[in-house]
Amino acid sequence: MATIALSRTGAQMPTVGFGLWKVTRSTCADTVYNAIKAGYRLLDGAGDYGNEKEAGEGLRRAIADGIVKREDVWVTSKLWNTFHAYDHAKAIAKHQLELWGIEYFDLFLVHFPISLEYIEPSVKYPPEWWGLDGKVHPANVPMSETWKAMEELVDEGLAKNIGVSNSSGAIVLDILRYARIPPQVNQVELHPYLTQEGLIKFCKTHGIAITAYSSFGPQSYVELGYKGTAVSLLEHDLVSQLAKKNNKTPAQVLLRWAVQQGLAVIPKSNNHDRLLANKDVLDWNLPEEDHKALSKLNINLRMNDPSEIDPRLGIFA
Ligand SMILES: NC(=O)c1ccc[n+]([C@@H]2O[C@H](COP(=O)([O-])OP(=O)(O)OC[C@H]3O[C@@H](n4cnc5c(N)ncnc54)[C@H](OP(=O)(O)O)[C@@H]3O)[C@@H](O)[C@H]2O)c1
C-alpha cells in the first residue's frame, strides 16, 4: 500500500483510504470489515458522520479475526464545530475514541475552521450544523484555543497526528503562528472541477500533506439533493474518453488524477464492487497530456461550502 510520509512524525499515511461519510449506519460495520479485508488500510471518519461506533465494530472485528492489527490500520477522525472550546474538544475526542473502541487516532482533524455553540452530546449527537431551535449559532472560540486542545491530544497519546480540514492558506498561516505542533494534513474538497493549485502549492511548501475529498465532484452530493447544472464528473465526456483510452473506469481516472499529484484520496462507496475498484489507482499512470486535460476542467466548483447553510459561515469567501 502506497503511503505519504507526514513531515513531523514521519508517519506513513496510506495514499488511498476509505471514506465513511454517508456510509449507511446499519451496514457500516460490515462495510468497514469488508473494506479492510479487501486491503483498505485507512478509514476516514468523523464525529459528524454518525457511524463511528459501527465503523469501530467493523475495525475491531477485523482485528479479532486476525486480518489486521490495530497498528496496520490508519484511523482518521474529526472534531466537529460545536466542540471547539478547549474542554469540549478534549472531552469529545475521548468520547469518539470510546465509540470506535480504540486507544488513539492516527490523525485527528479540525473538521471546519468554524465554531458553533455547544450542544450536549446526551441531548443530540452528532449535533450537525443547527441548534435545537433549527437555527445556526456561531460561537466565538478562536482557533488558538481549539489548537491547544488538539496539541494536548497528541501529548496524551490520543492522537498521533493532528491537522485541519476545509482550511484555506489564511487560517493555516494563523495556526502556524502559534502552533507548538503544526498541522500535518489539510483535508479539502479537490477534483477536476476544483483543482486548487494554489492551495496545493501552499501546503506542499509548508510540509502539509493534502487529502482530497469528494474526488468524484458533484456525485457525492446528488443523494443530498444537488440541483446544479455541472455534469457529473463520472459521466463527463472527457473522463469517459480517458477511461476508455487507459482501460480504467471513470472513477479510477479521477482518483488517479489526484494521486498523481502526491495527494491522498478517500473514496466512499456503499457498494462492494465499486469499493474494490476504487483501490486500483496506485500502480499505473495517466499520461501527462491526459492529466493536463483533466486539470483544464477546473471551474472552481465547490460542492461543500458552509456559506450555503448560513452566509455568516463563509470560510471560502
Ligand atoms: N472533511 C470534510 O469536510 C469532508 C467532506 C466530504 C467528504 N469527506 C470525506 O471524503 C470521503 C469521500 O468523499 P465523498 O463521500 O464526498 O465522495 P466521493 O467518494 O467522491 O463520492 C461518493 C459517491 O460516488 C459514488 N461512487 C463511489 N465509487 C464509485 C464508482 N467507482 N463509480 C461510480 N460511483 C461511485 C458513491 O455511491 P455508492 O456509495 O452508491 O457507490 C457516492 O455517491 C467521505 O466519505 C469523507 O470521509 C470529508
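At what angle do helix α3 (residues 86-100) and helix α4 (residues 143-155) pack, and how far apart are their axes? The answer is in point 2, after some notes on the model.

1. Basis. This is a predicted model, in which local features need pLDDT of at least 70, side-chain atom pairs count only at pLDDT 80 or more, and totals for chains, interfaces and linings use all residues. Residue numbers start from 1 along each chain as its sequence is written.

2. Helices α3 and α4. The two helices pack at an angle of about 35°, and their axes are 8 Å apart. Axes here are lines fitted to C-alpha atoms, for helices over the stretch in contact, with angles from 0 to 180 degrees between N-to-C directions. From α3 the contact uses Tyr86, Ala89, Lys90 and Ala93; from α4 it uses Glu145, Thr146, Lys148, Ala149, Met150, Glu152 and Leu153. Two residues are in contact if their C-beta atoms, placed from the backbone, lie within 7 Å. By class, the residues of this contact are six nonpolar, one polar and four charged. Ala, Val, Leu, Ile, Met, Phe, Trp, Tyr, Cys and Pro count as nonpolar, Asp, Glu, Lys and Arg as charged, and the others, Gly among them, as polar.

3. Overall fold. The protein chain has 11 helices and 10 strands, taken as DSSP runs numbered from the N terminus (helices H or I, at least four residues; strands E, at least two). The C-alpha trace spans about 55 × 50 × 40 Å along its principal axes. Among contacts between residues at least 6 apart in sequence, 72% join residues at least 24 apart. Of the 317 residues, 43% count as buried. A residue is buried if 20 or more other C-beta atoms lie within 10 Å of its own, exposed if 12 or fewer, and partly exposed in between, with C-beta atoms placed from the backbone.

4. Ligand shell. Of the 29 residues around the ligand, Gly19, Tyr213, Ser220, Ala251 and Lys268 come nearest; a residue is near a molecule or strand if its C-beta atom, placed from the backbone, lies within 6 Å of it. The shell has nine nonpolar, 15 polar and five charged residues. Helices α7 (219-222) and α10 (272-277) each supply at least two residues of it.

5. Helix α9. Helix α9 (residues 250-259) is largely enclosed by the rest of the structure, because 10 of its 10 residues are buried. Its buried residues include Ala251, Leu254, Leu255 and Ala258. The cover over them includes β9, α8 (237-246), β10 (264-265), α10 and α11 (288-295).

6. Ser215. This residue is in the loop between β9 (209-213) and α7. Ser215 counts as buried because it has 27 C-beta neighbours inside 10 Å. Leaving out residues up to four places away in sequence, Ser215 touches His191, Leu254, Leu255, Ala258, Val265 and Pro267. Ser215 and Leu190 are 25 residues apart in sequence, yet 6.2 Å apart in space, C-alpha to C-alpha.

7. Backbone points to check. The peptide bond from Tyr125 to Pro126 is cis, with omega near -5°. Pro126 is in the loop between β6 (107-110) and α4, and Glu128 is in the loop between β6 and α4. Glu128 has phi near 60°, a positive value in a residue other than glycine. Gln196, in the loop between β8 (185-189) and α6 (197-205), has phi near 50°, a positive value in a residue other than glycine. With 16 other C-beta atoms within 10 Å, Glu128 is partly exposed, whereas Gln196 has 20 C-beta neighbours inside 10 Å and counts as buried.
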